[in-house]
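Biologist: I have the structure open and some questions about it. Can we go through them one by one?
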Amino acid sequence: MTTLVTHIASLVTNDPSLGSGSPRTNTAESAGGAPVGLIQDAAVVIDGDRIAWVGESSKAPATDNRVDAGGRAGIPGFVDSHSHLVFAGDRTAEFNARMSGRAYSAGGIRTTVAATRAATDEQLAATLDRYLAEALRQGTTTLETKSGYGLTPDDESRALRIAASRTDEVTYLGAHIVAPELADDPAAYVGLVTGDMLDACAPHARWVDVFCEQGAFDGDQARAVLTAGMKKGLLPRIHANQLTYGPGVQLAVELGAASADHCTHLTDADVDALAQSDTVATLLPGAEFSTRAEWPDARRLLDAGATVALASDCNPGSSFTSSVAFCIALAVRDMGMTPDEAVWSATAGGAAALRRSDVGRITVGARADLVLLDAPSHVHLAYRPGVPLVSSVWQAGRKVV
């Protein structure tokens, strides 16, 4: 069955050949600002789980079904390329203390580790389902999620098994922090992460990740974790340069990682390395919002020519939001991005961070992930922060919201 979605006031396709939008410009939205490929009074034909046609409503072909968008704006489904959703417990007290003056550090993860280890498979699955559904209602149609709250071979592998039953983008993050029982012997824990734990986890994951940061893993340890995962066929990504300057970004580029995530503290050499590589700088403004930390400088990265993604970093400790739209608003307000750039980064940029060409765009052959907004333009995602603008969501051709 084919479905025509017509009378879309303005459609972000992320294909400059289909409409207005020129890359790498710091200009007003009317002049482009990002390669968003904007079509006015647009229509989309969905055939099965794919996009079959895109263009102006007046030129749309006949289809089996017809949906009138009623002048709403359309965007690709958000591609959230960084989250931590297999967890148990709550860290409200930690957040409250931080908002009352306590500094954020990597150590709070241990609270979630204890709760996650104590949870049943059913409890972990129910929590994951809850936040996947919450994200979908807000327009996220592709979502990556990680392990990292088990830190034993059995707990990490069960987290990945649960995640893999619900999303294709699953990341092994045994190297989130050193497990509490091996806190005095980090070398032994790295040996576990690169040995028995990796053996148990690799069959359930696509990616390998490591938190390269003071209080977590240094550059040599991060290299060992990523190279071991790569030998098992996992693709690398890395938590890099969040809390301090460090070796994470340079390591990501050296190893050909798909993404270096956080990228808050960057030297000129780090920015140049990202700009000259295929490694995406994935920025996670929800973390800075929730920890009152320094904002990443997206403008600096974009002007240098780096590819930037925006993601939620949804996790119970440092960024407990599943709203990519909220992250777009933060990026525009506090990180120097134009609305076009922020929407591109939350869709096509997220797809690049996952090395996906089938999502994050509305073009013929792409997966039919389409979001309609109760607004005439995608700019309203930043213009009206906090307002639930998502009206309808199609995921792989099926209307789910």
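Biologist: Where is valine 54 found?
Modeller: This is a predicted model, and in it valine 54 sits in strand 3, residues 50-56.

Biologist: Is valine 54 buried or exposed?
Modeller: Valine 54 is buried, because its relative accessible area is 13% and the cut-off for buried is under 20%.

Biologist: And what is valine 54 in contact with, leaving aside its neighbours within four places in sequence?
Modeller: With that exclusion, valine 54 contacts Leu11, Thr13, Leu18, Ile39 and Ala43, and also Ile362, Thr363 and Val364.

Biologist: How many residues apart in sequence are valine 54 and alanine 366?
Modeller: Valine 54 and alanine 366 are 312 residues apart in sequence, while their C-alpha atoms are 11 Å apart in space.

Biologist: What about contacts in the whole protein, how many come from residues 24 or more positions apart?
Modeller: Counting contacts with a separation of 6 or more, 72% are between residues 24 or more positions apart.

Biologist: Let's stay with the whole protein. How many helices and strands are there?
Modeller: The protein has 14 helices and 17 strands. Its radius of gyration is 21 Å, close to the 21 Å that the globule rule gives for 401 residues, so the protein is as compact as a globular protein of that length. The C-alpha trace spans about 70 × 45 × 45 Å along the principal axes. As for burial, 58% of the 401 residues count as buried.

Biologist: New topic, helix packing. At what angle do helix 12 and helix 13 pack?
Modeller: Helix 12 (residues 324-334) and helix 13 (residues 339-353) pack at about 140 degrees, and their axes are 9 Å apart. The crossing of these two helices is right-handed.

Biologist: Which residues meet there?
Modeller: From helix 12, Val324, Ile328, Ala331 and Val332 meet Pro339, Ala342, Val343 and Ala346 of helix 13. By class, that contact has eight nonpolar residues, no polar ones and no charged ones.

Biologist: How many disulfides does the structure hold?
Modeller: The structure holds zero disulfides. Cysteine 212 is in none, and the nearest cysteine sulfur to it, that of cysteine 263, is 12 Å away. Cysteine 327 is in none either, with the nearest cysteine sulfur, that of cysteine 314, 9.2 Å away.

Biologist: Why does cysteine 327 count as buried?
Modeller: Cysteine 327 counts as buried because its relative accessibility is 0%. Cysteine 212 also counts as buried, at 5% relative accessibility.

Biologist: What about the phi of aspartate 313?
Modeller: Aspartate 313 has a positive phi too, near 55 degrees. Aspartate 313 is in the loop between strand 14 (308-310) and helix 12, and counts as buried at 2% relative accessibility.

Biologist: Last one. Where does aspartate 168 lie?
Modeller: Aspartate 168 is in the loop between helix 4 (153-164) and strand 8 (169-175). At 62% relative accessibility, aspartate 168 counts as exposed. The C-alpha atoms of aspartate 168 and histidine 204 are separated by 9.7 Å, and the two residues are 36 residues apart along the chain.

Technical notes: Residues numbered from 1 in each chain as written. Predicted model: local features only at pLDDT ≥ 70, side-chain atom pairs only at ≥ 80, totals over all residues. Heavy atoms only, no water. Disulfide = S-S within 2.5 Å. Buried < 20%, exposed > 50% of the residue type's maximum accessible area, 1.4 Å probe, protein only. Axes fitted to C-alpha atoms, helices over the stretch in contact; angles between N-to-C directions. Helix = DSSP H or I, 4+ residues; strand = E, 2+ residues; numbered from the N terminus. Left-handed = near helix turned anticlockwise from the far one by under 90°. Contact = heavy atoms within 4.5 Å. Nonpolar A, V, L, I, M, F, W, Y, C, P; charged D, E, K, R; others polar. Rg over C-alpha atoms; globule rule 2.2 N^0.38 Å.
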